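Subject: Handover of a structure

Dear colleague,

Please find below the structure that I am handing over to you. My notes on what was found in it follow directly after.

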Amino acid sequence: LEQQSGLGRYLVCCLLRVVAAMADKARHTPEVGHALYDVLAPLSPASSTAGDPRHADGRRLKVTVGALLSLGLLVAGIQFRPSGCTTSHMRRSSTSVGSVLEEVPPAVSKEADGGGSGLGLLHGIKELTEQIRCETKAVSDTPPPGVPQPSEGCYMPVQMRALCQEGLRELSIVVPEPALGINITRHYAIDATQTACQAQSDEPTPLMLWFHGQYGHGASESEGWAASSGYRACARENNFITLYPFGLDAEADGAALGDVNVSKNAGSGWNVGTGGDETTCITKDDLQGSLSSINETDFTCYPSCTKLGQCGRCNWSTCHDDVAFVKTLVAQIAREHCVDLSRIYLGGQSNGGMFTHFLTQEMPGTFAAVNPIYGLPLMGYAAGAHAELLRSKGAVAETAIVEFHGRQDILIPRNGGLSPSATWSWYYTPLDEMMSLWSYIHGCDETPTDVTEQVHNICKHGQKDLTCFEYQHCESKKRVLKCLYDGHHGQVPGGEVFGCVSLWFFNQFRRTLPVSLA
């Protein structure tokens, strides 16, 4: 490790954290060592074959060997931290498996997310993470009060629903983008149970969408982050159909437009409607006093932003119409599956959490409840670029919200303002300001009430430092909650509590106004 480059050490740290998370799940179970070895052994140099892209780069071999060595140490119970791994690189053992990909910097993301050992490991441990079970009180056999809104797919004979299959699959869909003059092929993963596939119009199945963070990928999100946080297990045990859409990076953005002149690739992410706005990030004039050590925002402009004239020094992601992608995807799923349109739920992490907020602004009449985690709108966009949340107050008031955030997060700080991270320098809306806005929309109390005991009674195996606060007595009859926990950006509450709280929350709500997917 000492002789590797800083990049090599960083990649090893990421893999150590992945292995540590899995070892922590069953530290005293003899089978875990054998299971993890079976996963990692095929990735070792001895088993590699000529032309295998995973081993075309010597650095990947070092990473794999590092993971194998660390496995023995971790299963033996030895605490190991190689020098060069900072505290932010080595999380506590309850770290979410999939979240490591989001923190990989742009220089690393393509390698880590493009079939390298890191993603291979995430795919390999899928069977282990599937052993996670949802707590009983987060599983409901009784739908929330109200009348279901069965989708078009409910009236298709079950035997003709060949597109609905049990398990996780990756699919694609063509999305028209008239502003760019193209039709673009977008990708997503879909996860369903047999019960969800056999749903009938009298009891249609709920639909949930989950969005990865910057540098993320839908496949690794579903098999890693969503699995280890308990989210996927709780969704399955409640017989939800879950969609994991894939964001676009600079190469995919440019390929759709036939533009090979790609600027710096800042990874795959989501368009939250701020392209070209140069007021959302730090300027050279801000680099004074306590801010003198902060890096100025690293500008990039994807080909779609260039074509639309939306380049700006605060850009970091695509300008493709991701809202159109979501609308097209939900409409198609509703045609092909028996979905309850009154029970469409939405969530995401980091940039995916920001996109969750953006979708509630752009599609205010669609979602029954949302659950962003460590993702807040950029400053000036709390209600939308044109105050969409307030203009559609009646429709938005049918959407309940529970927002999660780590107390030690400095990448997207819960207190808002400037991100004091060394490499991210945007201005964010404070969490309390965001929750006050939602409280106003729902007509709730201005001051939140501590409901931590209630949440821990539902999710008993959750992280003890998790505290939740509710803005009560809402005129909308919905709920507005925020939950805080000890953790940095990319970390989730331990004990799979995130999935438990989220599905317990979702199962309480449906929309009463008709949902239109037009």
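**The sheet**

Strand β3 (residues 205–211) and strand β5 (residues 339–348) run parallel and are joined by six bridges. Within this pairing, L207 stands opposite I344 in β5. Helices (H or I, at least four residues) and strands (E, at least two) are DSSP runs, numbered from the N terminus. Two strands pair if DSSP finds at least two bridges between them. In general, strands of a sheet pair through backbone hydrogen bonds, either parallel or antiparallel.

Before going further, please note that this is a predicted model, in which local features need pLDDT of at least 70 and side-chain atom pairs count only at pLDDT 80 or more, while totals for chains, interfaces and linings use all residues. Residues are numbered from 1 along each chain as its sequence is written, and side-chain values use heavy atoms, with hydrogens and water left out.

The open sheet is formed by 10 strands with mixed pairing, in the order β1-β2-β4-β3-β5-β6-β7-β12-β11-β10. At its edges stand β1 (167–177) and β10 (449–450); each has a single partner strand, so one side of each is left without a neighbour in the sheet. Helix α17 (residues 431–442) packs on the sheet and touches β7 (400–406) and β12 (480–485). Contact means heavy atoms within 4.5 Å. The direction of α17 makes about 160 degrees with that of β12; axes are lines fitted to C-alpha atoms, for helices over the stretch in contact, and angles run from 0 to 180 degrees between N-to-C directions.

**Strand β7**

Is β7 enclosed or open? Seven of the seven residues of β7 are buried, so this strand is largely enclosed by the rest of the structure. Buried means under 20% relative accessible area, exposed over 50%, and partly exposed in between (1.4 Å probe, protein chains only). A400, V402, F404 and G406 point one way from β7, whereas I401, E403 and H405 point the other way.

β7 pairs with strand β6 (residues 369–370) in the parallel sense over two bridges, and A400 is the bridge partner of A369. β7 also runs parallel to β12, to which six bridges join it; here E403 stands opposite K482.

A nonpolar core is a set of buried Ala, Val, Leu, Ile, Met, Phe, Trp, Tyr and Cys residues joined through side-chain atoms within 4.5 Å. The largest one has 65 residues, of which L207, L209, L243, F355 and L359 touch the most other members. Helix α13 (residues 322–336) gives the largest share of this core, eight residues. Apart from this core lies another, of 41 residues, which includes W210, Y244, V402 and V455.

Leaving aside residues up to four places away in sequence, L243 touches Y188, A189, I190, L207, M208, L209, W210, L329 and I333.

α13 packs against helix α14 (residues 351–362) at an angle of about 75 degrees, their axes 11 Å apart. The two helices α13 and α14 are therefore roughly perpendicular to each other (angles under 35 degrees count as roughly parallel, over 145 as roughly antiparallel, 65 to 115 as roughly perpendicular and the rest as oblique). Where they meet, D322, V323, V326 and K327 come from α13, and F355, F358, L359 and E362 from α14.

Helix α19 (residues 497–506) is mostly covered, with 10 of its 10 residues buried; among them are W504, F505 and F506.

**Disulfides**

How many disulfides does a search of the whole structure find? The search finds nine, a disulfide being a pair of cysteine sulfur atoms within 2.5 Å. Three of these links are described here.

- C134 and C234 are joined with an S to S distance of 2.0 Å. The link is right-handed, with 95 degrees about the S-S bond. C134 lies in the loop between α7 (126–129) and β1, and C234 in helix α10 (residues 231–237), 100 residues apart. C134 counts as buried at 9% relative accessibility, as does C234 at 2%.
- C164 and C197 are joined with an S to S distance of 2.2 Å. The torsion about their S-S bond is about -85 degrees, so this disulfide is left-handed. Both C164 and C197 are buried.
- C305 and C319 have their sulfur atoms 2.1 Å apart. Their link is right-handed, with 95 degrees about the S-S bond. Both cysteines, C305 and C319, are buried.
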